[in-house]
Amino acid sequence: MTHLAAPVQSGGITPAANGAGAAAGGAPGVPAAVPWRHRATLRRIRELEASMQWWPAENLVQLMHSVRRQVRDGAELTDFLPDIFGAAGAAAGRALRLHPYDVQLLGAIELHHGRIAEMATGEGKTLVAALPAALHAVTGRGVHVVTVNDYLARRDAQMLEPVYQMLGLTVGMI
């Protein structure tokens, strides 16, 4: 399993060890309410997002291209979930001044795995949807995010466009 997210060295991105294994005593810094199966992943996403907030924007795009190449060469998309979620979280922090909360990351993880994540009004579904959309975009196939009406589709597309652009992705709306 190759992970690319690491501190920038000599102007480039270097491979980093996964480091996602939970310690025997649990995952430090992760709330107890987080399901055990997601604690190590959540901790890794937080570490990567914190390091990527200082990366030049070009390096976020480089990461996306590098992951795309590896996925096309047969690597598992899920192996890069922490890297892409970390990059998307860093991009959202820069572009929107929003960082996903733990519950939003958990919802995004569940969406990636094809499960339903029910969230109430105001809990940040727009940001949640952006994370797995960015992850699945590295496959090179189009990603469609569907919402209930034209107003929300336009609002969400306009809101998230700077985040996606920072990751080297494009946005369209029907």
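Biologist: With which residue does E110 form a salt bridge, and how far apart are the closest N and O atoms?

Modeller: First, the general idea. Side chains of opposite charge can pair when their charged atoms come close. A salt bridge here is a side-chain nitrogen of Lys or Arg within 4 Å of a carboxyl oxygen of Asp or Glu. E110 pairs with R115, and their closest N and O atoms are 2.3 Å apart.

Biologist: What should I know about the model itself?

Modeller: It is predicted; local features need pLDDT of at least 70, side-chain atom pairs count only at pLDDT 80 or more, and totals for chains, interfaces and linings use all residues. Residues are numbered from 1 along each chain as its sequence is written, and side-chain values use heavy atoms, with hydrogens and water left out.

Biologist: How many salt bridges does the rule give?

Modeller: The count is 7. One of them joins R37 and E110, at 3.4 Å from N to O. R37 sits in helix α1 (residues 36-52) and E110 in helix α4 (residues 102-112), so this pair ties together parts 73 residues apart in sequence. Helices are DSSP runs of H or I, at least four residues, numbered from the N terminus.

Biologist: Which residues are linked in a network of salt bridges?

Modeller: R37, E110 and R115.

Biologist: Is E110 buried or exposed?

Modeller: Buried means under 20% relative accessible area, exposed over 50%, partly exposed in between (1.4 Å probe, protein chains only). E110 is buried at 12%. R37 is exposed at 58%. R115 is partly exposed at 40%.

Biologist: What is the accessibility of R155 and D156?

Modeller: R155 is partly exposed at 35%, while D156 is buried at 15%. They form a salt bridge, with closest N and O atoms 2.8 Å apart.

How values were computed:
Helices (H or I, at least four residues) and strands (E, at least two) are DSSP runs, numbered from the N terminus.
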